[in-house]
Amino acid sequence: MMGGRASTGVDLSTSEPIEARRQDAPRVARQALAPSTLKARLVSADVVAIAIGMTMAFVWQAIVQPDRLGVQRTHVLLAFVTFPIWLLAMALNKLYLARAVARAGEEVRRILNATLMSVGLMLALSFALQFKALSRLWVLSVVVFVPFALIIERTGARRIFARMRRDGRLSRPIVIIGTDADAIALMHAAERQPELGYDVLGFIGPDDLVTRGGVSVLGRYEDTAEVLAETGATGVLISLASVPSALVNRLTRELCDDGYHVALSSGLRDIDIARFRAQDIGGRTLVYVEQVQRGGMHAVAKRAFDITLSLIALALTAPIALVVVLAVKVTSPGPVVFAQERVGRGGHTFRVLKFRTMVADADARKAELADLNEADGPMFKMARDPRVTRVGAVLRKYSIDEIPQFVNVLKGEMSVVGPRPALASEVEQWTDDVHDRLRVLPGITGMWQVSGRSDTTFDEYKRLDQYYVDNWSLLHDVRILVRTVGVVLTQRGAR
């Protein structure tokens, strides 16, 4: 697909002079692709969300304080007068810049900042105008309901924008500057994540190259402006590993001045962006990477989180577990709970617990199915494993078979969130870098399980677990749990 787009790109080996090419093309292209209409619709959606949040605050006040309905007229006037402040605060917090809210967590943080700013200005204005009988309950309700409505609305907008990008209706045509392995990896990353909206037209690099990764090299570094003008690209990704630093500085300044979007690839992989912090030393930009804190109070918080969630889960699923016990016992011979030795933190082994979903002699029959393994690497996986019982298929489909693992969590052998607990036979085939995942407790769910891709390769499985280990935080665990709920409901997870 990439190659098809690039084949229609510019051919800088022709005799046509570079200077003769149209110079106003990028400005025209940017105007044609400017998302002003989408931004206007987003502002309108925010207005509706703020109005709904305000209305919810009034309703809540009327329910809790019915004896103070007379002061609501003052509150309505204050809300009306300060309404534009909310939109101004949203704009000041860059909530209308897609590049500033690329991550959902960052968007939520900016919404909360805008809320505090708006409410602060609202209180200051009410004091200046000498509004009397201002209800603290109403103010608190505004602080709760308005951001809640905005977050719900922005979540829906984010999904709509992602779908539009995947469909190619909201894409940004870009050129990658650089032709090394990092530049090619950038292209493949953009191709794997169409929801980001990057449409790679080609590369810019050494003139002795024709294609890189199946996509055309459209010109030399010195031809960057002309290539962008000819292709109509509105932005560039620059591979710092490929382009000399002096050239990176010049291109960044010139392209930004010309109105192009410029992004720089550091070459770093699988480090959570939340850990990056920009620093300035003598005019040079450094990227500081925050350390991951796994010990001390962080470990105590994770353990408390695991215990609390496990006790709640076991209590809520007790009726389901009783039905499962009866169904497994009646429909197939063998134990109800299957215990299998797995490798945990630090290489220590433990027996992971699951409701039995296979026939009793499943382990003995594994060797005869080895040639039918659909997974690469040391894992074993079959989409239609003949050893799975009819009841077991249902338990697996909804992840009900995992319920006994909350007992493993209470015993301290597992965590609710963590890497998949591996078999000893798998660990024996691991390379040194994979052993890093044994630094943390294995989990009932994790990044690999919620990836939504049951055909994930072993390299991808390894990378996802390594990403979790390297970037752990309690907030990260919460995000994975939220995604787990969606995966279980839609049956999209990896097994």
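Author: Start with Lys94. Its relative accessible area is 44%, so Lys94 is partly exposed. Keep in mind that this is a predicted model.

Reader: Where does Lys94 sit in the fold?

Author: Lys94 is in the loop between helix H4 (72–92) and helix H5 (104–128).

Reader: What should I look for in the backbone of Lys94?

Author: The general idea comes before the case. Most residues other than glycine have a negative phi. Lys94 is not a glycine, yet its phi is positive, about 60 degrees. Asp270 also has a positive phi of about 60 degrees without being a glycine.

Reader: Where is Asp270 placed, and why is it classed as partly exposed?

Author: Asp270 belongs to the loop between strand E6 (261–265) and strand E7 (276–281). Its relative accessible area is 24%, so Asp270 counts as partly exposed.

Reader: Which residues form the positive surface patch?

Author: Lys39, Lys94, Arg99 and Arg172 form it. Take Lys39 as a second example. It is in helix H3 (residues 36–64). Lys39 is partly exposed because its relative accessibility is 37%.

Reader: On to charge pairs. How do I read a salt bridge?

Author: Side chains of opposite charge can pair when their charged atoms come close. How many are there here? The structure holds 19 salt bridges. One of them joins the side chains of Asp272 and Arg103, at 3.2 Å, N to O. This pair links distant parts of the chain: Asp272 is in the loop between E6 and E7, Arg103 is in the loop between H4 and H5, and they are 169 residues apart.

Reader: Are these two partners buried or partly exposed?

Author: Asp272 has 7% relative accessibility, so it counts as buried. Arg103 is partly exposed, with a relative accessible area of 29%.

Reader: What separates Glu254 and Arg250 along the helix?

Author: About one helical turn separates them, because they are 4 residues apart in helix H9 (residues 245–257). Glu254 is partly exposed at 38%. Arg250 is partly exposed at 34%.

Reader: What of Arg437 and Asp465?

Author: Their side chains form a salt bridge at 2.5 Å, N to O. The pair links distant parts of the chain, 28 residues apart: Arg437 is in the loop between helix H15 (424–427) and strand E12 (443–445), and Asp465 is in helix H16 (residues 458–470). Arg437 and Asp465 are both buried.

Reader: Which residues are linked in a network of salt bridges?

Author: Asp46, Glu107, Glu153, Arg154 and Arg158 are. Look at Glu153, in helix H6 (residues 136–166). Glu153 is buried because its relative accessibility, 14%, is under the 20% cut-off. Leaving out neighbours within four places in sequence, Glu153 contacts Leu42, Ala45, Asp46 and Ala49.

Reader: What does Arg351 touch, not counting residues up to four places away in sequence?

Author: Arg351 touches Ala339, Gln340, Glu341, Asn408 and Glu413. It lies in strand E10 (residues 349–355). Arg351 and Glu341 are 10 residues apart in sequence, and their C-alpha atoms are 4.3 Å apart.

Reader: Finish with the whole chain. How many helices and strands does it have?

Author: The protein chain has 17 helices and 12 strands. Of its 495 residues, 41% are buried. Among contacts with a separation of 6 or more, 71% join residues 24 or more positions apart.

Key
Residues are numbered from 1 along each chain as its sequence is written. This is a predicted model: local features need pLDDT of at least 70, side-chain atom pairs count only at pLDDT 80 or more; totals for chains, interfaces and linings use all residues. Side-chain values use heavy atoms; hydrogens and water are left out. Helices (H or I, at least four residues) and strands (E, at least two) are DSSP runs, numbered from the N terminus. Buried means under 20% relative accessible area, exposed over 50%, partly exposed in between (1.4 Å probe, protein chains only). Contact means heavy atoms within 4.5 Å. Patches are made of residues with over 30% relative accessible area and no salt bridge: like charges are joined within 9 Å, nonpolar side chains (Val, Leu, Ile, Met, Phe, Trp, Tyr) within 5 Å. Accessible areas come from the Shrake-Rupley method with a 1.4 Å probe; for residues, only the protein chains shown count as cover. A salt bridge is a side-chain nitrogen of Lys or Arg within 4 Å of a carboxyl oxygen of Asp or Glu. Lys and Arg count as positive and Asp and Glu as negative; His and the chain ends are not counted. The place of a charge is taken as NZ of Lys, CZ of Arg, CG of Asp or CD of Glu.
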